[in-house]
Amino acid sequence: MINYQIRRPHSHSAALMDSNTKLILALLGLLITTATVATGYTNHTVGGDAGWFFHSKTNTSATNYTSWAANQTFSLGDYLIFRTTTNQTVIQTYNETTYRDCTTDDASDTDTFQYNGGNTDFDQSLTIEVPLTIEGANYYFSDAGDGVQCQRGMAFKILVRHGNGLPPSLNQPPPPPYVEAPSDPAQSPPVTINGESPSLNNKAAVGCTNTGVMLCLLLFGVTSSLMTMMW
């Protein structure tokens, strides 16, 4: 009669396998958390569906922008998306006095910036993308109509949290001051201001990111190595 013996793993090998399994699970949790943080930025369309508009016939803003801002959470690395026309302006300032005065007449070039694409024609569609690069109070308004638009509701304040901090693409000084449009009529000034596209910089749009690919490759390599060690 042939006796078949089942060889059981030594307790040391079982303990090693259990330890390796726990390590793999811990690495999985860390990598998933890192991937989530790397893509945790938001594009905020100012005014929602109403956009950034002023009704000249009624002298009213398209919506209550203060109420809109109160229902949002803003963090470093997020973008404000102004869907508007050249009939309005977009002023960004960190100076509360400039904001309350509804004018940039006495504003400093270091704390107040104007975005309008350099286009001097009215009724031209415009999309302005403004990155949030400074933590704390940020103020926005339109100074068109000698400040009337601002006085009639086209102004709002936001508080920017630290959140995940600035992504590498935005870890630089604030945007430069407004520059006059080129005088050569043959040149067509841009109708969109963007330091860089938010969908490319902060990955707020849904899609595969370079960071995600690197994390996946790292996870695959670590898991393969540990599985080799286990067996």
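**Close-up views of a predicted model**

C102 is found in the loop between α3 (96-101) and β7 (112-115). The model shown in these views is predicted.

View 1. Helix α3 covers residues 96-101, and strand β7 covers 112-115. C102 sits in the loop that runs between them. Its phi is positive, at about 60°, although C102 is not a glycine. Is C102 buried or exposed? Its relative accessibility is 7%, so C102 counts as buried. The cut-off for buried is under 20%.

**View 2. The disulfide between C102 and C150.** A disulfide is a covalent bond between the sulfur atoms of two cysteines. The count for this model comes to one disulfide. The bond joins C102 to C150, with an S to S distance of 2.1 Å. The pair links distant parts of the chain, 48 residues apart. C102 belongs to the loop between α3 and β7, while C150 belongs to helix α4. Which hand does the disulfide of C102 and C150 have? The torsion about the S-S bond is about -60°, so the disulfide is left-handed. C150 is buried, with a relative accessible area of 7%.

View 3. Q151 has its place in helix α4. Q151 counts as exposed, because its relative accessibility is 56% and the cut-off for exposed is over 50%. Which residues does Q151 contact, leaving aside neighbours within four places in sequence? They are C102 and D146. Look also for T60. Q151 and T60 are 91 residues apart in sequence. In space, their C-alpha atoms are 9.5 Å apart.

View 4. Strand β9 spans residues 136-141, and helix α4 spans 148-151. D146 is found in the loop between them. D146 is exposed, with a relative accessible area of 80%. T103 is 43 residues away from D146 along the chain. The C-alpha atoms of D146 and T103 are separated by 7.5 Å. D146 is also one of the residues in contact with Q151.

**View 5. The open sheet of five strands.** In what order do the strands of this sheet run? The order is β4-β10-β9-β6-β7, and the pairing is mixed. The edge strands are β4 (74-75) and β7, each pairing on one side only. Inside the sheet, focus on β6 and β9. Strand β6 holds residues 90-93. β6 and β9 pair in the antiparallel sense over three bridges. Q92 stands opposite Y140 in β9.

**View 6. T85 in strand β5.** T85 lies in strand β5, which covers residues 79-85. At 14% relative accessibility, T85 counts as buried. The side chains of T85 and Q88 are joined by a polar contact of 3.0 Å. Which residues does T85 touch beyond those up to four places away in sequence? T85 touches F53, D123, Q124, S125 and L126.

**View 7. The backbone at N59.** Strand β2 holds residues 54-55, and strand β3 holds 60-61. N59 lies in the loop between these strands. N59 has a positive phi of about 55°, although N59 is not a glycine. N59 is partly exposed, with a relative accessible area of 30%.

Key
Residues are numbered from 1 along each chain as its sequence is written. This is a predicted model: local features need pLDDT of at least 70, side-chain atom pairs count only at pLDDT 80 or more; totals for chains, interfaces and linings use all residues. Side-chain values use heavy atoms; hydrogens and water are left out. Helices (H or I, at least four residues) and strands (E, at least two) are DSSP runs, numbered from the N terminus. Buried means under 20% relative accessible area, exposed over 50%, partly exposed in between (1.4 Å probe, protein chains only). A polar contact is a pair of N or O atoms within 3.5 Å; within protein, one must be able to donate a hydrogen and the other to accept it, and residues adjacent in sequence count only if both atoms are side-chain atoms. Contact means heavy atoms within 4.5 Å. A disulfide is a pair of cysteine sulfur atoms within 2.5 Å. Two strands pair if DSSP finds at least two bridges between them.
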